[in-house]
Amino acid sequence: MKKRTVIAIGIVILLGVAGGRDLYTTFYPQHMINIDGKRLHLGRVYSQHLLSTVVITGDDETLLTVTAPITAVVKQVTVKLQNEVKEGNQSLPYGAKMQLATAYFNTNITLHLSTVVTYNTQHYASISMLPLEAVTVNYTVNDELQFNDIIELVQRYQNKIQQIFNNEYNFIN
């Protein structure tokens, strides 16, 4: 009888220790990320922000730059491109006015998209992760990549990055 009691107490203690670890990780999550090949222990994550940058260059000059939260980057790119169309239309006669669907850059362009995650955590006041994914695409003037196409590319990039973030780097549920 005494042997059974000791075994039962031992099992209860073992289960308590195992359950305590699960309870501890529930209340004190141990989130980790890799930066430059180093594993960083974040601890609790209090806030996280995605900041996207869209840069369009052509003929060795920057034609357009937008940096905004990922939820607003498509809108910001659209506004900038609309302003480009508006400025271009000021010098055109009435019948030759451009629209987003017909306007394009009349030079070879490079479209660069990147997104950085910034965390505010238990162990770091503010830490930025290298870009989740950076994409660079080159287009020639012959491609006639229209402004609407650029907006669509940025939208697809935004959706892809948001999905990657939600699946792998979102520590706040």
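Which elements do the buried residues of α2 pack against? I find β3 (45–58), β4 (61–69) and α3 (147–169), with contact meaning heavy atoms within 4.5 Å. Helices (H or I, at least four residues) and strands (E, at least two) are DSSP runs, numbered from the N terminus.

I note that this is a predicted model, where local features need pLDDT of at least 70, side-chain atom pairs count only at pLDDT 80 or more, and totals for chains, interfaces and linings use all residues. Residues are numbered from 1 along each chain as its sequence is written, and side-chain values use heavy atoms, with hydrogens and water left out.

Helix α2. I listed its buried residues (under 20% relative accessible area, 1.4 Å probe, protein chains only): V73, V74, V77, T78, L81, V85 and N89. They lie on the same side of α2, because they cover an arc of only 145 degrees around the axis; the arc is taken over the directions from the helix axis to the C-beta atoms. On the face turned away from that buried side I find K75, K86 and E87 exposed, that is, over 50%.

Confidence. I read an average pLDDT (the predictor's confidence in each residue, from 0 to 100) of 85 for the protein, and 88% of the residues score at least 70.
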